[in-house]
Amino acid sequence: MKKISGLVLLSTLIAMPVAFAAPQGTLSVHILNQQTGIPSKDVEVTLEKQQSSGWIMLASMKTDNDGRIKSLYPETEDMQPGVYRVVFKTGEYFKRDHLTSFFPEIPVLFTVTKTNEKLHVPLLLSQYGYSTYKGS
C-alpha cells in the first residue's frame, strides 16, 4: 500500500474478484431447550439448498456449548437467493439424555431473497414441540 496525502491506494483492488464469498455469520442458528432453559450443545445441524433435481447438501456442523453455530453457510461461496432447509437432528440429542422425543429431526425451510443476506434461525425446543422464527 502507498499513502499519498492521507489517502491509501490499494493496488490489489484491480485484481479483486467481482463476487465475494459469503461473510462469516451469513447464516447462524441457535437451539435453546425450553424444558431446561439451557442451550442445546452437540446437536447436528445440516444445511441444504433446493434445486430442480432435489436438495443438495451444503454444510453439516454441531452446535457449540452455547447451542450455537455462528456460521453455518460455507464461507467459500456466496449465499444466493433461493429456498434452503436447515435440519436440526434432535432425536440423538434427546436420546443422549435417555429421553424420548416426538421429533427425530426438525426441518426448517426458508427463502433467501438477496445474495449474502444475514440470517439467523433460532429453535426453541422441547421433547414434544418446537418454535422457530426469522431472527437477526
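A residue is called buried when its relative accessible area is under 20%, exposed when it is over 50%, and partly exposed in between, with a 1.4 Å probe and protein chains only. Because its relative accessibility is 75%, histidine 98 counts as exposed by this definition. The structure is a predicted model, in which local features need pLDDT of at least 70 and side-chain atom pairs count only at pLDDT 80 or more, while totals for chains, interfaces and linings use all residues. Residues are numbered from 1 along each chain as its sequence is written, and side-chain values use heavy atoms, with hydrogens and water left out.

The chain contains 1 helix and 11 strands; helices (H or I, at least four residues) and strands (E, at least two) are DSSP runs numbered from the N terminus. Along the sequence, these elements follow the pattern β-β-β-β-β-β-β-β-α-β-β-β. Of the 136 residues in the chain, 38% are buried. The accessible surface comes to about 8,600 Å², and carbon and sulfur atoms hold 57% of this area; such areas come from the Shrake-Rupley method with a 1.4 Å probe, and for residues only the protein chains shown count as cover. A contact requires heavy atoms within 4.5 Å. Among contacts between residues at least 6 apart in sequence, 62% join residues at least 24 apart.

The next topic is the pairing of strands. Strands of a sheet pair through backbone hydrogen bonds, either parallel or antiparallel. Two strands are taken as paired if DSSP finds at least two bridges between them. Strands E8 and E9 run antiparallel and are joined by 7 bridges. Glycine 82 is placed opposite valine 112 of E9.

Side chains of opposite charge can pair when their charged atoms come close. A salt bridge is counted when a side-chain nitrogen of Lys or Arg lies within 4 Å of a carboxyl oxygen of Asp or Glu, and the rule gives 5 salt bridges. One of them joins glutamate 48 and arginine 85 at 2.7 Å, N to O. This pair links distant parts of the chain, with glutamate 48 in strand E5 and arginine 85 in strand E8 (residues 82-88), 37 residues apart. Glutamate 48 counts as buried because its relative accessibility is 14%.

Another salt bridge connects glutamate 105 with lysine 89, their closest N and O atoms being 3.4 Å apart. Here too distant parts of the chain are linked: glutamate 105 is in the loop between H1 and E9, lysine 89 in the loop between E8 and H1, 16 residues apart. Glutamate 105 is partly exposed, at 38%, and lysine 89 is partly exposed, at 25%.

Backbone angles complete the picture. Most residues other than glycine have a negative phi. Aspartate 42, not a glycine, has a positive phi of about 60° and is found in the loop between strand E4 (38-39) and strand E5 (44-51). Histidine 98 has a positive phi near 60° and is placed in the loop between helix H1 (90-96) and strand E9 (106-112).
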